[in-house]
Amino acid sequence: MIEVLSAGALATVQDLGRTGALNLGVGTSGAMDPLALAAGNILLRNEENAAALEIPLFPFRVRFTHSTVFAVTGADCAPRLDEAPVLPWWAHRADAGQVLSLAVPSTATWRASRVYLCIAGGIDVPSVLGSRSTQLRGAFGGLEGRPLRDGDRLPIAEPPGRAKTGFGITPPGLALPLEVDGLTAVRVLPAAEYDSFTPSSHEALWSEPWKITSQSDRYGYRLAGPELRPQRPMELRSHGIVPGVIQVPHGGQPIIQMRDAQPSGGYPKIGTVIDADLWRLGQAPIGSRIRFVLCSWDEALDASAATRRWLSNARRLVELYCNQGAVR
């Protein structure tokens, strides 16, 4: 069990998402940075899909009611266990009664905004439609379908007893960097209505920075930049969409669908952020600017393979270290 002492706002329970329910009108939800969640679970030798806490606003504090092993991944938020600083992206032991504090993330090491607190065994909330992720719009999953509050107590699943401490891995923000002109970049495939936009809109999409506005959240990132215009007015019937789709409403300012997006929409689509780069987008801070990079199908597949190799290598190194006799 862990007890939330200071929840901040919008902290939720998330796993890798609720796939396979789009036909029921249920979005995927899941971690905005699935790479950080999976890596945290690898550090603890959990299942990669084990539920953890996603924390977007700070400060955040929890008390461990039992001795356990934990890892903090995602942004570098200067974690402290009681008064002692502890490393992010590292497996640590906490004793019963100890308090973990997370501060506002630093961007001096790598640029990120969300933190994942992973616990050996995982957060043990009920699975709904195959996932423990919180679905805020539908108010189900996670802990009572809502953000965490001060005083919440979260059960921890029985750990398999394999977690060890005293080691860590390099964050993907350092191991898999992708920037253009010093800004976070994400690769984009042209979408179905791409050719219906004007040449100047195409030029702006690829050459201009795009600000993530304060109207952004887990449902979608609303961007600010040059207006994107179709060659002629378009009216589309609602159709299926997935996280990463870049829609352009009538105002010409694009919206990127994120993890809590609805499964359908009718705005024209100019592009889709590739799945391998959604973690970069999920970590981009509100108010920051990003760049889009034109990507081919083969390049998207190569990027997906690179992400899988990074996870596979992390898993291999963790198992190699643990099997050589780390500290329990």
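This is a predicted model: local features need pLDDT of at least 70, side-chain atom pairs count only at pLDDT 80 or more; totals for chains, interfaces and linings use all residues.
Contact here means heavy atoms within 4.5 Å. Keep that in mind for what follows.

Let me start with Gly40. Gly40 sits in helix α1. Is Gly40 buried or exposed? Gly40 is buried, with a relative accessible area of 0%. Leave out residues up to four places away in sequence, and Gly40 touches Ala71, Thr73 and Cys118. Look at Trp89 as well. Gly40 and Trp89 are 49 residues apart along the chain, yet 7.0 Å separates their C-alpha atoms.

Helix α1 covers residues 34–43, and it packs on helix α5, residues 297–322. Two packed helices are described by the angle between their axes and the distance between the axes. For α1 and α5, the angle is about 15° and the axes are 9 Å apart. Angles under 35 degrees count as roughly parallel. So α1 and α5 are roughly parallel to each other. Their crossing is right-handed.

Which residues make the contact? From α1, we have Leu35, Ala38, Ala39, Ile42 and Leu43. From α5, we have Thr307, Trp310, Leu311, Ala314, Arg315 and Val318. By type, that contact holds nine nonpolar residues, one polar and one charged.

On to α5 itself. It has 26 residues. From first C-alpha to last, α5 reaches 38 Å, close to the 38 Å expected at 1.5 Å a residue. Its buried residues are Ala300, Ala303, Ala305, Thr307, Trp310, Leu311, Ala314, Val318 and Cys322. What do the buried residues of α5 pack against? They pack against α1, α2 at 172–175, and strand β13 at 183–190.

β13 comes up again with helix α3. Helix α3 spans residues 199–207, and its buried residues are Ser201, His202, Ala204, Leu205 and Trp206. The cover over the buried residues of α3 includes β13, β14 at 210–212, β20 at 269–273 and β21 at 289–294.

Last stop, a loop. Where is Asp76? Asp76 lies in the loop between β5, residues 68–74, and β6, residues 80–81. Buried means under 20% relative accessible area. Asp76 is at 15%, so it counts as buried. Set aside neighbours within four places in sequence, and Asp76 is in contact with Pro88, Pro105, Ser106, Thr109 and Trp110.

Happy to go back to any part.

Key: Residues are numbered from 1 along each chain as its sequence is written. Side-chain values use heavy atoms; hydrogens and water are left out. Axes are lines fitted to C-alpha atoms, for helices over the stretch in contact, and angles run from 0 to 180 degrees between N-to-C directions. Helices (H or I, at least four residues) and strands (E, at least two) are DSSP runs, numbered from the N terminus. Angles under 35 degrees count as roughly parallel, over 145 as roughly antiparallel, 65 to 115 as roughly perpendicular and the rest as oblique. A crossing is left-handed if the near helix is turned anticlockwise from the far one by less than a right angle, and right-handed if clockwise. Ala, Val, Leu, Ile, Met, Phe, Trp, Tyr, Cys and Pro count as nonpolar, Asp, Glu, Lys and Arg as charged, and the others, Gly among them, as polar. The expected span of a helix is 1.5 Å times one less than its number of residues. Buried means under 20% relative accessible area, exposed over 50%, partly exposed in between (1.4 Å probe, protein chains only).
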